[in-house]
Amino acid sequence: MMHSVAEQSTRVVESVDRALRLLQELAEHGSGVTLSELASTTGLPKSSLHRTLGALQERGFATQRDDARYLLGAELLRIAFEFQGRLDLRVLLRPTLERVRATLNETVHVGVLDGPDVVYVDKLESTRPLSLTSKIGGRNPAHATAVGKALLAWAYPTQASITEWVRRDGPLVRRTSRTIVDASHLAKELSRVRADGFSKDLEESEPGVRCLATPVFFGGAVPIAAISVSAPKDRLPTGMMPEVAALLVQEAADLRGP
């Protein structure tokens, strides 16, 4: 019996969706999962699962152990690591920066952690007056910036780990009278960052300038970057911070995906 183009298209979409669902489910089981377990968790018939798993195995995206349990295949891991190694953060995050700047008309940054510093890999300026020392490729002490604290909070998530980071890469330089220069105080601040999902720089890096930042995750427990909004303190008053923080957190969540 002949099928219409629309029916064939629907079947293709369903097949692709089934394969993607299986990959997501396999990723949840590092020690492997049986066909019966997959049928139970996905609600799909074993016959459909078997065909899809066979196609994934053919491409190397899935593999089967001697005890018949299924795992993610080496080819999927290879292309994932290869892509991450070639990932251009500026290309990935530029649309996000443009949306945030268009909404707030304030300066936005992308930064990554490098030892004791944050390195700015992208920046879009506000059209309103604001003089910042940051520049693409430039560095600032991570502990004194919102971008840096957004990264430190997950890179060093315990009191012991942040204390060791300070011991190794410190001392914590005082940029302004508000800069945190004590390891225990910094650890407490980073705990708040993890709880809230965003960090604050209240004139800790530059007098008169405030900044909010949130981490960007890309398939791991440690962020690959952080995005921030910087503004003079009169344009980023305390009452406005929750709104700006919510915007940043939502943008980062959209990047991370479901």
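**Entry 1. A pair within helix 8.** I looked up E189 and R192 and found both in helix 8 (residues 183–196), three residues apart, about one turn of the helix. Helices here are DSSP runs of H or I with at least four residues, strands are E runs of at least two, and both are numbered from the N terminus. I note that this is a predicted model, in which local features need pLDDT of at least 70 and side-chain atom pairs pLDDT 80 or more, while totals for chains, interfaces and linings use all residues. Residues are numbered from 1 along each chain as its sequence is written, and side-chain values use heavy atoms, without hydrogens and water.

E189 forms a salt bridge with R192 (a side-chain nitrogen of Lys or Arg within 4 Å of a carboxyl oxygen of Asp or Glu), and their closest N and O atoms are 3.3 Å apart. E189 has a relative accessible area of 16% and is buried; the cut-offs are under 20% for buried, over 50% for exposed and in between for partly exposed, with a 1.4 Å probe and protein chains only. I then followed shared partners: salt bridges join K149, E189, R192, D196 and E204 into one network.

Entry 2. How many salt bridges does a search of the whole structure find? I recorded 18.

E204 and K149 form one, with closest N and O atoms 2.8 Å apart. E204 belongs to the loop between strand 6 (199–202) and strand 7 (209–216), K149 to helix 6 (residues 146–155), and the pair links parts of the chain 55 residues apart. I found both E204 and K149 buried.

In the pair of E106 and R128, the closest N and O atoms of the salt bridge are 2.5 Å apart. E106 sits in the loop between helix 5 and strand 3 (107–114), and R128 in the loop between strand 4 (117–124) and strand 5 (139–141), so the bridge ties together parts 22 residues apart in sequence. E106 is buried at 4% relative accessible area, whereas R128, at 35%, counts as partly exposed.

Entry 3. Nine of its 10 residues are buried, so helix 6 is largely enclosed by the rest of the structure. The buried residues include V147, K149, L151, L152 and W154.

I next looked up S228, which is placed in strand 8 (residues 225–232). S228 is buried, at 1% relative accessibility. Neighbours within four places in sequence aside, S228 is in contact (heavy atoms within 4.5 Å) with T107, V108, H109, V147, C211, L212 and A213.

**Entry 4. Helix 5 with helix 9.** Helix 5 (residues 89–104) packs on helix 9 (residues 241–256) at about 155°, and the axes are 11 Å apart. Axes are lines fitted to C-alpha atoms, for helices over the stretch in contact, and angles run from 0 to 180 degrees between N-to-C directions. This angle makes helix 5 roughly antiparallel to helix 9; under 35 degrees counts as roughly parallel, over 145 as roughly antiparallel, 65 to 115 as roughly perpendicular, and the rest as oblique.

On the helix 5 side I listed L92, L93, T96, R99, V100, T103 and L104, which meet V244, L247, L248, E251 and L255 of helix 9. By class, this contact has eight nonpolar, two polar and two charged residues. Ala, Val, Leu, Ile, Met, Phe, Trp, Tyr, Cys and Pro count as nonpolar, Asp, Glu, Lys and Arg as charged, and the others, Gly among them, as polar.

**Entry 5. Helix 7 with helix 8.** I compared the axes of helix 7 and helix 8, which are 9 Å apart at an angle of about 130°. The two helices are therefore oblique to each other. Q159, I162, T163, W165 and V166 of helix 7 make the contact with A183, S184, L186, A187 and L190 of helix 8. Its residues divide into seven nonpolar, three polar and no charged.

Entry 6. Most residues other than glycine have a negative phi, and most peptide bonds are trans. I therefore looked for departures.

Which residues does a cis peptide bond join? I found G170 and P171, with omega about 5°. P171 lies in the loop between helix 7 (159–169) and helix 8.

A68 is not a glycine, yet its phi is positive, about 75°. A68 is in the loop between strand 1 (62–64) and strand 2 (70–72), and is partly exposed at 36% relative accessible area. E203 also has a positive phi, near 60°. E203 occupies the loop between strand 6 and strand 7 and is buried, with a relative accessible area of 12%.
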